[in-house]
Every structure is written in C-alpha cells, then in structure tokens.
Amino acid sequence: MIDIIDELQWRGLIAQTTDLDALRKALADGPITLYCGFDPTAGSLHVGHLTQALTLARFQQAGHRPIALVGGGTGLIGDPKPSAERQMNSVETVRGWVDNLAGQLSAFLRFTPEGEQAGPTDAILANNGDWLGGINAIELLRDVGKHFSINQMLARETVKSRLDGEGMSYTEFSYVLLQSYDYVELYRRYGCTLQTGGSDQWGNITAGLDLVRRMDGNEPHGQAHALTTNLLTKADGTKFGKTETGTVWLDPELTSPYAFYQFWFNADDRDVIRYLKVFSFLSREEIEDLEQQTQERPQARAAQRTLAETLTTLVHGEAETRKVKDASLALFGRADLSELDGRTLDAALAEVPKAEVEGPVGELLIIDLFAQSGLTPSKSAARRAIQEGGAYVNNVKVTDVEAKLSADDVLADRFVVLRKGKRNIGGVVLKG
C-alpha cells in the first residue's frame with residue numbers, strides 16, 4: 001500500500017488529525033475502513049463535495065475500504081448553519097435526494113459489481129436512516145445524550161453565533177448527537193476506524209470520535225481516528241464553487257456539462273495547480289510539468305484544459321466531454337455548429353451576451369440582433385463590425401449591412417450564434 005498520508009500532505013489536503021503518527025501506523029498496518037458523510041440538503045452534490053468524495057477514492061486506491069454515508073436520517077434534521085434555521089424538507093423529498101446522491105457517489109468509488117463477491121477494498125454505500133430511524137426518544141436520551149455535555153455543546157461556534165442572533169431550535173441543537181452516533185454504528189458494523197470530512201466539520205467529527213470511545217471504551221476494533229481536509233478558497237477572494245449563475249452542481253440538469261467544463265477551464269492561474277492536486281489523480285511529475293507550462297505559457301491554459309477535461313470526464317463521462325470540447329471549438333469557428341444539440345447550444349450561450357427575439361425570421365436584421373444581444377453597444381457599432389469584416393453569424397462572415405436572418409441560420413430550431421472578431425461571442429434565442 002502507498003503512504004496515503006504523504007500523498008495527502010503533498011496535495012495540501014490535510015487540515016487536522018487527532019494523532020497523525022498513530023493514524024499513519026494504523027494505515028501502514030491496514031487495510032482500515034473509513035467513512036465520510038454526505039447529507040442530502042439538495043437534490044445533487046456540488047463541486048464542494050468533490051474534495052471529500054475524491055479523498056475517499058484516494059484511500060481506496062491506497063488499499064483501504066471506504067464507506068460513503070448518505071444522511072437519510074440526518075438529512076431530515078440538517079447540520080445547523082451559522083446564520084439561520086434550515087428549512088425542513090419532507091421525508092419523500094429527502095428520500096429522493098438520498099437516491100440521487102447515492103448514484104452520483106458511484107462515479108468516484110469502486111463498489112462490488114452485481115453478482116460478484118465483495119472484495120476487501122470494495123466501497124460500501126450506507127444510509128444512516130437505516131439506524132437513526134429505529135432509535136426511539138428514550139434510547140437517544142439515555143444511550144447517546146448522556147455522553148454529551150451541555151456546556152461543550154453551547155461552546156460550539158455555530159451554536160454561539162445562533163444564540164447571539166435569532167436562536168436555535170432544539171432539533172438543530174441535537175444534530176450533533178445524531179451525526180456522532182453514525183461513527184459508533186459504523187465502528188460496530190464494519191470496524192470503521194477513521195472519519196474524514198471538511199475542516200468545518202471538525203467539531204462534529206471529534207464529537208463522534210469521543211462518543212465511540214465513551215460507548216465502546218475498550219475499542220475492540222482498534223483505535224478510532226479523525227482527519228479533516230482544508231476548505232478551498234479562491235485567490236481572488238470569491239467563494240469556491242460559485243459562479244455568477246450560482247452553485248456548480250454535479251447534476252447535468254442543474255449545471256450543464258458545458259458550464260461545468262467552463263468552470264474549471266476558467267480557473268485562475270493562481271488556483272489551477274492547487275485544484276489539480278486536490279481534484280485529479282495525476283502524478284506529481286505530471287502536475288509539476290503543467291505548473292511549469294502555466295508559468296512559461298499561461299495563455300495556452302494547458303493546466304486548465306487538463307483540469308476541465310479530467311473532471312468533466314470523471315463526473316459526466318467521455319461522450320459528454322467530447323460534446324463540450326466540440327462546442328467550444330464550434331463557437332470560435334473551428335468545428336461545425338450544426339453538429340451541436342439544443343441542450344449543448346443552450347448551455348454554451350448561457351454565459352455570453354444574448355437576447356430573446358420574436359418575429360418572422362426573414363424580417364430580422366442582423367445588425368439589430370448584434371445590438372439587441374449586447375454583443376455590440378449599438379446598431380451603428382454592428383454596422384461598422386460588418387463593414388470591417390468582423391461580424392459572423394454561425395461562423396459565417398456577414399458582408400451585407402442590410403442582411404436579414406434566414407431559416408437556414410437557425411440552429412436546433414431556436415438558436416443563432418453571433419461572433420464579433422475572433423473571441424467575442426453572443427447569441428440569439430428565438431421565442432415561440
């Protein structure tokens with residue numbers, strides 16, 4: 001087995017551990033079983049979850065057995081936010097979200113193929129609703145609650161910030177009991193001795209670790225451990241995983257593969273090497289080579305292209321990645337726009353100036369479309385662009401300032417791609 005601790009340290013992933021030397025020895029003596037929890041607070045994972053999913057995958061590649069725990073029970077409560085009470089979702093909604101998350105996690109971990117016997121490092125998919133749903137109130141208070149100090153619970157940063165504001169319900173206050181009990185249950189069922197998570201979960205994770213030691217004091221499955229990863233920040237100060245259009249989701253219906261690809265391709269030069277370390281399985285030599293290319297020829301964006309292709313393929317598959325790359329080439333005249341389907345065109349135009357237009361296609365003036373889309377500030381500027389040879393409709397140069405849109409110019413029944421010069425893209429979406 002490879003030294004996973006050295007690997008995680010080189011990639012800048014380790015934020016906190018309870019006892020690094022003891023954990024390193026346990027891993028060397030392994031294999032061990034570890035877990036990370038994913039609460040269904042929405043119908044999809046987002047790019048912020050990738051750090052944890054891929055950390056589990058790294059442990060699996062290093063010869064250990066990961067458990068992906070989906071919070072069918074804790075998701076009905078919700079980890080308290082620092083600012084306000086979470087909106088509680090229906091049991092049916094959470095159940096559907098649990099299924100979605102379980103499907104997405106299967107892209108990152110190797111589970112036992114159907115009909116085959118489980119191997120020693122095959123991942124386990126668990127749902128804490130299976131045990132939390134069977135605990136009654138008396139059992140929770142007697143067997144779990146007695147191990148928690150109210151003083152310590154009140155000292156938690158989230159609790160303090162909420163009590164200084166609008167307050168907190170007993171439901172959310174008790175969330176830590178449920179999440180902590182997950183570690184006990186997985187420790188007993190699978191001999192799980194390591195929980196991982198983001199550094200913002202350190203309090204919850206160590207509470208679970210403490211509960212294991214209190215409820216199974218002799219630790220028959222071995223010493224339990226905790227490890228957290230660093231939370232990602234962006235060099236420009238904006239929040240990782242957000243764009244102008246919102247959260248970057250793994251579900252292609254919420255964030256298209258094209259937009260997903262562009263999120264990574266647009267990574268700042270100051271961030272991209274760090275992202276490659278965290279989100280790719282490229283070797284140290286490969287990443288160092290891309291770092292050198294970024295320093296010497298940043299305009300080539302070799303590191304960004306590798307990052308975008310790697311992650312889009314991992315999350316959405318090779319076929320979708322090919323579509324995305326074809327769309328990127330086609331927008332700038334290096335491939336055929338007519339080969340793109342409507343969903344890909346819609347996604348490709350989502351981030352550029354565009355206008356929704358109605359009216360008979362044959363009566364729409366090209367100069368009006370350039371101005372309406374915002375690609376040029378005015379019709380006179382559009383006219384100049386045409387006269388200077390820098391205006392294109394679907395990558396075909398426009399030579400007549402009085403030219404009108406034709407039916408043949410409409411892609412996938414409702415899209416038109418406009419371009420000014422080599423790199424300025426805009427679009428038109430036809431109504432009706």
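Student: First off, what kind of model is it?

Tutor: It's a predicted model.

Student: OK, and how many helices and strands in the protein?

Tutor: The secondary structure comes to 19 helices and 13 strands. Along the principal axes, the C-alpha atoms fill a box of roughly 85 × 50 × 45 Å.

Student: What share of the residues is buried?

Tutor: Of the 432 residues in the protein, 47% are buried.

Student: Let's go to I4. Where does I4 lie, and is it buried or exposed?

Tutor: I4 lies in helix 1, which covers residues 4–10. It counts as buried because its relative accessible area is 2%, and the cut-off for buried is under 20%.

Student: And how far apart are I4 and A381?

Tutor: In sequence they're 377 residues apart, and in space 58 Å, C-alpha to C-alpha.

Student: Switching topic: which residues gather in the patch of negative charge on the surface?

Tutor: That would be E285, E286, E288, D289, E291 and E296.

Student: Where's D289 placed?

Tutor: D289 is in helix 14, residues 284–296. With a relative accessible area of 39%, D289 is partly exposed.

Student: Last one: what UniProt annotation covers K242?

Tutor: "Binding site", and that comes from an unreviewed UniProt entry. K242 is in strand 7, residues 242–243.

Student: Why is K242 called partly exposed?

Tutor: Because its relative accessible area is 38%, and partly exposed is the range between under 20% for buried and over 50% for exposed.

How values were computed:
Residues are numbered from 1 along each chain as its sequence is written. This is a predicted model: local features need pLDDT of at least 70, side-chain atom pairs count only at pLDDT 80 or more; totals for chains, interfaces and linings use all residues. Side-chain values use heavy atoms; hydrogens and water are left out. Patches are made of residues with over 30% relative accessible area and no salt bridge: like charges are joined within 9 Å, nonpolar side chains (Val, Leu, Ile, Met, Phe, Trp, Tyr) within 5 Å. Accessible areas come from the Shrake-Rupley method with a 1.4 Å probe; for residues, only the protein chains shown count as cover. A salt bridge is a side-chain nitrogen of Lys or Arg within 4 Å of a carboxyl oxygen of Asp or Glu. Lys and Arg count as positive and Asp and Glu as negative; His and the chain ends are not counted. The place of a charge is taken as NZ of Lys, CZ of Arg, CG of Asp or CD of Glu. Helices (H or I, at least four residues) and strands (E, at least two) are DSSP runs, numbered from the N terminus. Buried means under 20% relative accessible area, exposed over 50%, partly exposed in between (1.4 Å probe, protein chains only). UniProt positions are given in the numbering used here, feature names are shortened, and annotations may be inferred rather than shown by experiment.
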